[in-house]
Amino acid sequence: MVNAAAAFALAIPAVVNAAAVLGNRGESGTQIVGGVLASTGDFPFIVSLQDSSGHFCGGSLLNANTVITAAHCTVGQTASALKVRAGSLQRASGGTLVGVSSIKTHPSFSSSNLSNDVAIWKLATAIPTSSTIGYVSLPVANSDPATGAITSVAGWGTTSSGSSSLPAALRKVDVPVISRTECRADYGTSAVTTSMFCAGYAAGGKDSCQGDSGGPIVDSNKVLLGTVSWGDGCAGANAPGVYSRVAVLLDFINANL
């Protein structure tokens, strides 16, 4: 397998400079592969991050004024040029669309290997809970997703690796956590840091993809385990999705709520 420097980030290329280095899963990258349409209530906290061209990354509402997303979706962005859509399964319509007042990336974010790949966006207008909107729960500090646990990831990314067409409706897929040891065997020891965890199938077929970057991966209790970060293409054999590990990034997150 390739090392991290040869992987593909999952954010839309025009958005992220890290996309040239890693396989960010952002806007023009990919969508959920091997998944199904999400239903209202599945991910009430998910949001679409948008610029003048539309959706480019995903995120999750932490409270009425705060979104967590990937740092690689945030580098180079200007808050006043951004919008967040919440409460809709459609990336381009419905729900609530608000502006962004400020953005902050993790101070130790590395654009070379996507370590500490989280950022906080503060909203210009509060988004209250409703029948279609909720806030995501954070994990226990320093906890690590259990190997084999089934997780769920969602987004508006492409449905196949390398595609440039984004689906209109939110999609989701279930993938098992794989051990960090196994993931390092796939990508290289230095590529997968302790601020990351991996999920997917050895045979491939199900994964997050470009356009899904920054979106949530949650456990069965809808606790936010991570944000979509990177991978070598999408849904390939022995090339799992790699996610930020929110539980070890809580100091930064809680300081910016």
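Figure 1. The sulfur atoms of Cys 209 and Cys 234 lie 2.1 Å apart and form a disulfide, defined as a pair of cysteine sulfur atoms within 2.5 Å. The angle about the S-S bond is 90°, and the link of Cys 209 and Cys 234 is right-handed. This pair links distant parts of the chain, 25 residues apart: Cys 209 belongs to the loop between S11 and strand S12 (216-218), and Cys 234 to the loop between strand S13 (224-231) and strand S14 (241-244). Helices (H or I, at least four residues) and strands (E, at least two) are DSSP runs, numbered from the N terminus. The model is predicted: local features need pLDDT of at least 70 and side-chain atom pairs count only at pLDDT 80 or more, whereas totals for chains, interfaces and linings use all residues. Residues are numbered from 1 along each chain as its sequence is written, and side-chain values use heavy atoms, with hydrogens and water left out.

**Figure 2. The disulfide of Cys 183 and Cys 198.** Cys 183 is joined to Cys 198 with an S to S distance of 2.0 Å. This link is left-handed, with -80° about the S-S bond. Cys 183 lies in helix H1 (residues 180-187) and Cys 198 in strand S11 (residues 196-199), 15 residues apart. Both Cys 183 and Cys 198 are buried.

**Figure 3. The disulfide of Cys 57 and Cys 73.** The S to S distance between Cys 57 and Cys 73 is 2.1 Å, and the link is left-handed at -85° about the S-S bond. Cys 57 is placed in strand S4 (residues 54-63), and Cys 73 in the loop between strand S5 (66-69) and strand S6 (83-86). Both cysteines, Cys 57 and Cys 73, are buried.

**Figure 4. The largest nonpolar core.** This core has 19 residues, and those with the most contacts inside it are Phe 43, Ile 68, Leu 170 and Ile 253. A nonpolar core is a set of buried Ala, Val, Leu, Ile, Met, Phe, Trp, Tyr and Cys residues joined through side-chain atoms within 4.5 Å. Helix H2 (residues 250-255) provides the largest share, three residues. Domain 1 (46-134) and domain 2 (136-247) both give residues to this core, so it lies between them; the domain bounds come from an automatic or database domain assignment.

Notes:
Buried means under 20% relative accessible area, exposed over 50%, partly exposed in between (1.4 Å probe, protein chains only).
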